[in-house]
Every structure is written in C-alpha cells, then in structure tokens.
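Here is a friendly briefing to read alongside the model. Please keep the sequence and the 3D view open as you go through the points.

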Amino acid sequence: MSPRVFTVEEVEALIPTLAHLVTAQLEQQGDIEQRLAQLARLAGGLPRSLDDEANDVDDVSRLKRDLRERIAHYEDGWRKVSELGAVIKDPQLGLVDFYGRIDGRLVWLCWKYGEESLGYYHELETGFSGRRPLAPLRERLLN
C-alpha cells in the first residue's frame, strides 16, 4: 500500500490539530519522565520492567501501575497523530513529516512543534538537518 501524499494546503489545515495533539504528548512525556525519576528514587534504581514484582512496596506498585497507564495513553496519542497521516520522526522534539511532492518527486513535508505553519521540506533520504524552506517554492505548490 502506498503512503498518502499530502499537498502543502492539506498539511497546513492539520497544523492546529497537530499542534494540540503534540502539545499534549510533550506534556505527557514530561510527566512520565518525572514519575520514572520518582520510581528510580523509590526503588533504588530503575527496574527492568514496569511489571509488578512480589517484593515491590505499595508506593512502587502504585507508581508502576500509574506509569503503565500513562505510557499506554501516551502511545495512543502518537497513534492519533499517525492517523492524521503524519510520520513521527522525533517524539522528543515533536517532529513529524508528511509525504508530499515537490517538482514531481516524493519528499517529506516537515513540521516541528512550535512552528506556526508548514515551512520546510526535505528529501526522503535526508533528515532534519537537510530541511529546506518552502517559501521560494510556495507559489508553485499552492494548487
């Protein structure tokens, strides 16, 4: 199955929803990291898993359960972003790409959390460091 290819306008229309979802994801990520640090303090280091163990004290068991629920919710949030057609490139930064076309070739239309609009693209084989501005191309791309 070939991926959905987006126009610049289609990605632009998704940015308000995308920004809302990614904001929630980054907040959840921070909460999870804080709770993991708390778990490490309580358990004398990070456990190999979040599964309950017979020797867990009540506070550790509660924290593990809370973390399992938060992580499941976090993963569900990224699924919602993916369902928009986005490809999550870096969840720590809130970096997502969409397949698009520039001059007839398949590229990544690249959006990063905090950007108010779609302003960049890059070739499929390059990463974030290969981003180029859409501004010079925008007139030709808007169809």
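Asp97 is buried, with a relative accessible area of 1% (buried means under 20% relative accessible area, exposed over 50% and partly exposed in between, with a 1.4 Å probe and protein chains only). Its salt-bridge partner is Lys89, at 3.4 Å from N to O, and Lys89 counts as partly exposed because its relative accessibility is 37%.

This is a predicted model, in which local features need pLDDT of at least 70, side-chain atom pairs count only at pLDDT 80 or more, and totals for chains, interfaces and linings use all residues. Residues are numbered from 1 along each chain as its sequence is written, and side-chain values use heavy atoms, with hydrogens and water left out.

**Helix H2**

- Helix H2 covers residues 58-83, 26 residues in total, and spans 38 Å from its first C-alpha to its last, close to the 38 Å expected at 1.5 Å a residue.
- The expected span is 1.5 Å times one less than the number of residues, while helices (H or I, at least four residues) and strands (E, at least two) are DSSP runs numbered from the N terminus.
- The buried residues of H2 are Val60, Ser61, Leu63, Lys64, Leu67, Tyr74, Gly77, Trp78 and Val81.
- These buried residues pack against helix H1 (8-43), strand S1 (87-90) and strand S2 (95-102).
- Ser61 counts as buried because its relative accessibility is 15%, and this residue touches Asp52 and Asp56, not counting residues up to four places away in sequence (contact means heavy atoms within 4.5 Å).
- After H2 comes Gly85, with a positive phi near 110°.

**Aromatic rings and charges over them**

- How many aromatic pairs does the structure hold? There are 3 aromatic pairs, and Tyr74 with Trp78 is an edge-to-face one, at 6.2 Å centre to centre and 90° between the planes.
- Rings of Phe, Tyr and Trp (its six-membered ring) pair if their centres lie within 6.5 Å; planes under 30 degrees apart count as stacked, over 60 as edge-to-face and the rest as tilted.
- Tyr74 and Trp78 both lie in H2, 4 residues apart, about one turn of the helix, and both are buried.
- An α-helix has 3.6 residues a turn, so residues three or four places apart point the same way.
- Arg131 lies over the face of Tyr120, at 3.9 Å from the ring centre.
- A charge sits over a ring if NZ of Lys or CZ of Arg is within 6 Å of the ring centre and within 35 degrees of the ring normal.

**Salt bridges**

- The count comes to 15 salt bridges, where a salt bridge is a side-chain nitrogen of Lys or Arg within 4 Å of a carboxyl oxygen of Asp or Glu.
- Lys64 bridges to Asp56, with the closest N and O atoms 2.9 Å apart, and both residues are buried.
- Glu115 and Arg131 meet in a salt bridge at 2.6 Å, N to O.
- That pair links distant parts of the chain, 16 residues apart: Glu115 is in the loop between strand S3 (105-112) and strand S4 (120-123), and Arg131 is in the loop between S4 and strand S5 (132-133).
- Glu115 is buried, with a relative accessible area of 19%, and Arg131 counts as buried at 17%.
- Asp66 is found in H2 and counts as partly exposed because its relative accessibility is 21%.

**Nonpolar core**

- The largest nonpolar core has 29 residues, of which Leu18, Val81, Val96, Phe98, Leu109 and Leu118 touch the most other members.
- H1, H2, S2 and S3 each supply at least two residues of this core, and H1 gives the most, with 10 residues.
- A nonpolar core is a set of buried Ala, Val, Leu, Ile, Met, Phe, Trp, Tyr and Cys residues joined through side-chain atoms within 4.5 Å.
- Leaving aside neighbours within four places in sequence, the contacts of Phe98 include Phe6, Val11, Leu14, Leu18, Val107, Trp108 and Leu109.

**A loop residue with positive phi**

- Asp103 lies in the loop between S2 and S3 and has a positive phi of about 50° although it is not a glycine.
- Most residues other than glycine have a negative phi.
- Asp103 is exposed, with a relative accessible area of 53%.
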